[in-house]
Amino acid sequence: MRKLALCLLGLLWLSVPLMAQNRTISGKVSDEKGNGLPNASVVVKGTSIGITTQADGSFTLSLPSNARTLIISFIGMGAKEVPITSANSYSVTLSSRSQNDLGEVVVVAYGTQKKADLTGSVATVKAADIENKPFTSIDKALQGQVAGLQSVGASGAPGSNQNIRIRGISSITASNVPLWVIDGVPVNTGDASRLATTANLLSTLNPNDIESVTVLKDAASQSIYGSRAANGVILVTTKSGRAGKTKFRLDAEVGQSDRAYVNDRYRPLTAAEYFDITRKGLLASGSATPGTVDAIMGSTFGYGNGNDFNWLKATTQKGTHQQYNLSASGGNDKTTFYFSGGYFDQQGTVIESRLKRYSAGMRLMNKATDRLTFNANLNIGTTKQNTPSAGGAFANPVLTAYFLLPSKTAYLPDGSLNYNSPDFPLGVATTFNPVALAILNKDQLVETALRGSVSGEYNIWRSLRFRSTFGTDYNTLEESIYWNPLYGDGYSTDPADAGRAYSYYTRYFNYISTSLLTYRQDLNSNSDIYVDLQLGYEAQKSKQATTSVQSRGFPTRLELTLAASGSKPQTASAGISEYTFLSQFSSASFNYKDRYVLSGSFRRDGSSRFGPKNPYGNFWSVGLAWNLDREAFLKDLSYISQLKLRASYGLNGNAGVGNYDWFPSYTFASPYNNAPGSAPGVVGNTELSWETNKPLNVGIDIGILKNRIALTAEYYKRKSENLLLNVQLSRTSGYNTAIQNIGAMENEGVELTLNATPVAMRNFNWNINFNFAHNKNKITSLPEHKDFPSLPFMRREGYDVQSFYLKEYAGANPANGEPLWYVDRTTKGNLLTNDVSVAQRRIIGSASPKYFGGLTNNFSFKGFELEVMFYYNFGNLVQDTWSGYVVGSGNAGTWNKVARQLEGWQQPGDQTMIARYVYNGNRNFHDNGSAYWLNYGDFVRLRNVQLGYNFAKTFFSKAGISNAFFYVRGTNVWTWVRDTNLGFDPEQGVTSQTNLDVFVAKTWTIGLNLGF
């Protein structure tokens, strides 16, 4: 680092005598009709010197003596290169944008790049596709927007975690999450909570503060991020100000939500229906006779009490949604600013599911001199989240909605809560009254995040620039749970143990320092043959600190809910965990007249996550692009506006493991004979190193008829080697597993992106965007070529990493209604058995989709705008992990069932897949390892539909409002599902397994955007 600093000081010294006097020019930027374009960008080519135009399109700019060309651009229009002559005034007209425009700039790693220079696979999502949507985090808004990016969630709870996969799954044990970089700072993402059912660090970031999202998908675009780029990179750029009059923007949106997908065959049974099948089940099992069955049902299940309570209705709700955002931006040729504030409030579709967010954003840019520029940005957000239990927790309101008998009610006849009664006896471990627990218990998570950076950039000489950036990502999570002493999980017959409270505090402090030197060298007088170079140094450290407190023994006054109020402390612990990265990186790009572009990158990473024998890794990429439309032999083909071939290959890595997995350790929390003692804790692996990922990408970009039709097609194959895999050890070693670099996997696929404008008229426009992705995953190597079962999945060479490995079900025996399974499907005659313990397990499909993508149509007619977006997903299976209870043919007979159970076997000769209803179960029909509980996951969802109207500028002009847009929007308003046996929402996370989570919401909103 010292040598780099001395080098930079030397360059500064050498540049002093080369500085020359600047001159000032002026001009105006207009559209084809002569209207001035405000906030158009005017930049000196090859430098960072530039300005944005005033409201009338005019500009004044101070030029360095070596300036030869201006690049002038405006959103929605094609950029233009203007030669600088001896004239002091310039008039520039921009026309409708061509997607092949060489001046169009996109955000890439450590800066921006002209689209013509790109050799890699890069996709961009703009602010208009993100903002003002009823999603709590940006990752949810990306669903269906980018080819090859899978965005799915397992829970519909506000603030829930979202699963993002780019071009498939690349690891078995290590992380499969892409690297998120916000304004140049790699940040922590995902669910960092320790008590909450589900949470998402990105929910603290207001999507309305985001200018663009760039997804890097191949080696040429992502390998410069080295050891953390194996799963893709997502770059988030927040909004900034532009020179000109201060502009204010107010966005307001309110709405209501309901359950997005409902299968009527999965409605809970009414009291009459439940008692009818229970009567038959008791008789079939021999637990009752015709003379005793009614008495047994009366004493055990509440038969005859007159109740018919709908628990699903009691535990679900019409969710509400509202958000308000206000921003101000502007500045002059020296300083620009952007300030924002936001409020977001959303209730989920299940009781006690809610999130509130308060956010603020700031971005400042100051040109201290013609050579020195300072930037500062800061985003602050805090969320307050309530999320009910999920899965098999007795307090889960979704579970109880299906399990509780309709003969039980949430309230007693006097209107009080029903919990200390024969329906819900105290101290009995069974399903609880969720309505009572929603009032008596407390469950809250408060997340606060601060993300920001400061940087300085100095133009040393000509095109030699140095930028230094310091950024931080600071997150705190305050979690508290209170289980009341009167009823539920907190109840105890011993008052000293009654009631429980948990208080967890988690802090992540991640900071990074980056120094970057960039240089451009023109190789001819026309500046159309040049080399771009980057050299950088980066250091990052992340610290995690945790505190955990638990206590019991609470007074019956329900106002005292904090752990400090408990009279019997149980746990008080604290811990720390941290990791560091130290990196040097470089990149180079050679451009020959925008026809041929050759790029390369190299990064050397050192990480504390790996042992002393392999702390460093080398990562690289090479890319090539050929803009054929710039060749002379294609210039006469006027209908071809773009034709580009590109290819890339490289090496990047995956460091997504625990901070100390490599470290052989002892634990000192192992008492021996009632005395303090220690014992081996983690076996460790001092030779541990990165997973390596080798992605190959070949793409073609085609534009026809001035890019009214634009197609991008890509083929990729990425191989993951030296997998970070937990390998089974002999139990005689004293350990179960050890993490090693062993095994290999590959993902291969194709992606298509089509943009088309079928109609472009003065008052009517129609635009289409379609994206498609097909991915095939395959494990190519495992230790000793042995299977790695991880039920319900089987990891086997030659198969998908998420292959379901289950017992193949054959249906109900028509003669007696008993369930049948295949003993060996490969045997002639397909031998069957009613004994599930001898049933054959085999690989039956995968949880990973074969095809997915999005289709968006945009229509505009005069002031009206209509957007219709569909998301589709095909080729995966979904495992229903809980239907063995509600369609279990008598399993868990004291719990309610759903209407599909009525389709079961009734009499000899019936052809059905559902076994005869026998109280307490029919020969393990309900077995969760049965393939019967697999359903096709194919679905199409109307993800977004919006109808809006742009009011004429004169309509509100007297009120000082420059633009107004009113809209009505629906989200997840319609869902088509191929498999009618799928009881719950088809979107169940990456693993495609139901867990009785908060239902995904269908939301209708109305909104208003005002500019003034």
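**Cavities and rings**

Mentor: Start with the second largest cavity, which has 15 residues in its lining; Gln150, Gly168, Asn775, Ser848 and Pro849 are the ones nearest its centre. Keep in mind that the model is predicted. The space in this second largest cavity comes to about 150 Å³. Sorted by class, its lining has five nonpolar, seven polar and three charged residues.

Now turn to the largest cavity, whose volume is about 320 Å³. Its lining is made of 26 residues, and Phe135, Lys140, Gly156, Val1000 and Ala1001 lie nearest the centre. By class, six of the lining residues of the largest cavity are nonpolar, 16 are polar and four are charged. Four strands each give at least two residues to this lining: strand 19 (335-347), strand 49 (939-951), strand 50 (963-977) and strand 51 (1001-1011). In total, the structure has seven cavities of 30 Å³ or more.

Next come the rings. The structure contains 53 aromatic pairs. One of them joins Tyr343 and Tyr358, with 5.2 Å from centre to centre and 45 degrees between the planes, which makes the pair tilted. Tyr343 belongs to strand 19 and Tyr358 to strand 20 (residues 354-367), so this pair ties together parts that are 15 residues apart in sequence. Strand 19 is also one of the strands that supply at least two residues to the lining of the largest cavity. Tyr358 has a relative accessibility of 46% and therefore counts as partly exposed, because that class runs between 20% and 50%.

Phe955 has a relative accessible area of 56%, so Phe955 is exposed.

Ring pairs can also link up: Tyr274, Phe275, Phe301, Tyr303 and Tyr919 are joined into a cluster in this way.

The charged end of Arg978 sits over the ring of Tyr936, at 3.9 Å from the ring centre. Lys408 has its charged end over the ring of Phe424, 5.3 Å from the centre of that ring.

Definitions and conventions: Residues numbered from 1 in each chain as written. Predicted model: local features only at pLDDT ≥ 70, side-chain atom pairs only at ≥ 80, totals over all residues. Heavy atoms only, no water. 1 Å grid on protein atoms, 1.4 Å probe; cavity = no way out; pocket = protein on both sides within 12 Å on 5 of 7 lines; lining within 4 Å. Points joined across faces, edges and corners; volume = space filled by probe spheres on them. Nonpolar A, V, L, I, M, F, W, Y, C, P; charged D, E, K, R; others polar. Phe/Tyr/Trp six-rings, centres within 6.5 Å; stacked < 30°, edge-to-face > 60°. Buried < 20%, exposed > 50% of the residue type's maximum accessible area, 1.4 Å probe, protein only. Lys NZ or Arg CZ within 6 Å of the ring centre and 35° of its normal.
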